[in-house]
Structure formats: C-alpha cells, structure tokens
Amino acid sequence: MEGAGAGAGFRKELVSRLLHLHFKDDKTKGAEAAVRGVRQAQAEDALRVDVDQLEKVLPQLLLDF
C-alpha cells in the first residue's frame, strides 16, 4: 500500500520468510505476527512493515507461546 493515509502495509514474501525462519512451533499464528507488525509500523508512522518492526514485536510473540 502506498500513499498518504493508506495505512501500513507489508510484503507477503518478507513476512512469510521471517515466519518460516524464526517460528518452528506449529502453534505460532502468522496472522498475529502480521497484525502486531502493522501496529508497530503504524506507531512509527511507517508505510510498510519491514524487518525492523517485526524484530520489535518478535519478543512479544515468543512470550505468547
């Protein structure tokens, strides 16, 4: 998603690769990681979820499982 007011977006390939690399437990929910990444990006006024945002929410996700 591009442009002002469009909100945060993320590239499917990036999210998929990060999830496959870091989450070996079948209980991990990909949608939850995506939602938290989007919220982090919004808090930083970023237009896209990047590795930086996912790295910031990773500890929260790991504590959930």
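A residue counts as exposed when its relative accessible area is over 50%, and as buried when that area is under 20%. By that rule Asp45 is exposed, because its relative accessible area is 72%. The model described here is a predicted one.

Asp45 sits in the loop between α2 and β2 (48-49). Its phi is near 55°, a positive value in a residue other than glycine. Most residues other than glycine have a negative phi.

Glu44 is in the loop between α2 and β2 as well. At 31% relative accessibility, Glu44 counts as partly exposed.

**Salt bridges**

How many salt bridges does a search of the whole structure find? The search finds two. The table sets them out.

Glu44 and Lys56 link distant parts of the chain, 12 residues apart. Lys56 belongs to helix α3. Lys56 is partly exposed, with a relative accessible area of 44%.

Glu32 and Arg36 both lie in helix α2. They are four residues apart, about one turn of the helix. In an α-helix, residues three or four places apart point the same way, because there are 3.6 residues a turn. Is Arg36 buried or exposed? Arg36 is buried, because its relative accessible area is 19% and the cut-off for buried is under 20%. Glu32 counts as partly exposed, at 26% relative accessibility.

**The nonpolar core**

The largest nonpolar core has 11 residues in all. Among them are Leu14, Leu18, Ala33, Val49, Leu54 and Val57. Three helices, α1 (12-22), α2 (30-43) and α3 (51-64), each supply at least two residues of this core. Which helix gives the largest share? That helix is α1, with four residues.

Leu18, a member of this core, touches Val51 and Leu54, leaving aside residues up to four places away in sequence.

Ala34 lies in helix α2. Ala34 is buried, with a relative accessible area of 15%. Its C-alpha atom is separated by 9.7 Å from that of Val57. Ala34 and Val57 are 23 residues apart along the chain.

**Helix α3**

Helix α3 has 14 residues. From its first C-alpha to its last it reaches 20 Å, close to the 20 Å expected at 1.5 Å a residue. Where does α3 have a kink? A kink of about 35° lies at Leu58, shortly before the proline Pro59.

Gln53, Leu54, Val57 and Leu61 are buried in this helix. Leu54, Val57 and Leu61 are also part of the largest nonpolar core.

**Gln53, a buried polar side chain**

Gln53 is found in helix α3. Why does Gln53 count as buried? Its relative accessible area is 6%, and the cut-off is under 20%. A polar atom of the Gln53 side chain lies 2.6 Å from the backbone nitrogen of Asp50.

Gln53 also touches Gly37, Gln40, Ala41, Glu44, Ala46 and Arg48, not counting residues up to four places away in sequence. One of these, Ala41, belongs to the largest nonpolar core.

Definitions and conventions: Residues numbered from 1 in each chain as written. Predicted model: local features only at pLDDT ≥ 70, side-chain atom pairs only at ≥ 80, totals over all residues. Heavy atoms only, no water. Core = buried A, V, L, I, M, F, W, Y, C linked by side-chain atoms within 4.5 Å. Buried < 20%, exposed > 50% of the residue type's maximum accessible area, 1.4 Å probe, protein only. Contact = heavy atoms within 4.5 Å. Polar contact = N/O pair within 3.5 Å; in protein donor to acceptor, adjacent residues only side chain to side chain. Salt bridge = Lys/Arg side-chain N within 4 Å of Asp/Glu carboxyl O. Expected span 1.5 Å × (residues − 1). Bend = angle between axes of the 7 residues up to and from the residue.
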